[in-house]
Amino acid sequence: MNTVEFRILVAHEFPQLRDELEYWEDDLPHVQMTEFLDFTQKAIEARSFDVVRKSFEIATTALKSGDDTLLNAIYVAFLEHLDFRSNAGKEAFLLMPAELKKGRYEILDYDEKLLGRKLAVDDRA
């Protein structure tokens, strides 16, 4: 799966995101991924867990079959910034598939090693 296929999949599953995703050029996958992140984070805080499940399903598909550009965007613009610190976030985290959790832990571990500290969204003990 490449970034264009990802954008098409997200727009198909969440038509309300189509305009935001298409506003950004296809050579700006990190910006498009940030739109997907913001959408997912708002669904988490609104406790729209069906939307969260679907977002996680899409992200897992991208993680499993994405090309290098898509994988980079998933790690850097999605998994790295998801915030599960609220009560709703803690519930949403339980919905996250194992592959996505593994990817999240990998990028958070990388960030901690690189920065010498945890990111604020890294609430692991």
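This is a predicted model: local features need pLDDT of at least 70, side-chain atom pairs count only at pLDDT 80 or more; totals for chains, interfaces and linings use all residues.
**Stop 1: α3 and α5**

Select residues 29-45 for α3 and 68-79 for α5. Their axes lie 9 Å apart, at an angle of about 45°. That angle makes α3 oblique to α5. The crossing of these two helices is right-handed.

Now show the side chains. On α3, pick P29, H30, M33, T34, F36, L37 and T40. On α5, their counterparts are T69, L70, N72, A73, I74, V76, A77 and F78. What classes of residue make up this contact of α3 with α5? There are 10 nonpolar and 5 polar residues, and no charged ones.

**Stop 2: α3 and α4**

The axes of α3 and α4 come within 8 Å and cross at roughly 145°. Here α3 passes α4 in a left-handed crossing.

From α3, select F36, F39, T40, A43 and I44. From α4, select F49, V51, V52, S55, F56, I58 and A59. By class, the contact of α3 with α4 holds 10 nonpolar residues, 2 polar and no charged.

**Stop 3: F36**

Centre on F36. It meets α5 residues as part of one α3 contact and α4 residues as part of another. Which residues touch F36, once neighbours within four places in sequence are left aside? They are F6, V10, F14, L17, S55, I58, A59 and F78.

**Stop 4: the nonpolar core**

Nonpolar side chains tend to be buried together in soluble globular proteins. In this model, the largest nonpolar core has 36 residues. Colour F6, M33, F36, I74, L79 and L82, which have the most contacts inside it.

**Stop 5: R47**

Move to the loop between α3 and α4, where R47 sits. Check its backbone: R47 is not a glycine, yet its phi is positive, about 60°. Is R47 buried, partly exposed or exposed? Its relative accessibility is 40%, so R47 counts as partly exposed.

**Stop 6: A120**

Finish in the segment after α7, at A120. With 56% relative accessibility, A120 counts as exposed.

Methods
Residues are numbered from 1 along each chain as its sequence is written. Side-chain values use heavy atoms; hydrogens and water are left out. Axes are lines fitted to C-alpha atoms, for helices over the stretch in contact, and angles run from 0 to 180 degrees between N-to-C directions. Helices (H or I, at least four residues) and strands (E, at least two) are DSSP runs, numbered from the N terminus. Angles under 35 degrees count as roughly parallel, over 145 as roughly antiparallel, 65 to 115 as roughly perpendicular and the rest as oblique. A crossing is left-handed if the near helix is turned anticlockwise from the far one by less than a right angle, and right-handed if clockwise. Contact means heavy atoms within 4.5 Å. Ala, Val, Leu, Ile, Met, Phe, Trp, Tyr, Cys and Pro count as nonpolar, Asp, Glu, Lys and Arg as charged, and the others, Gly among them, as polar. A nonpolar core is a set of buried Ala, Val, Leu, Ile, Met, Phe, Trp, Tyr and Cys residues joined through side-chain atoms within 4.5 Å. Buried means under 20% relative accessible area, exposed over 50%, partly exposed in between (1.4 Å probe, protein chains only).
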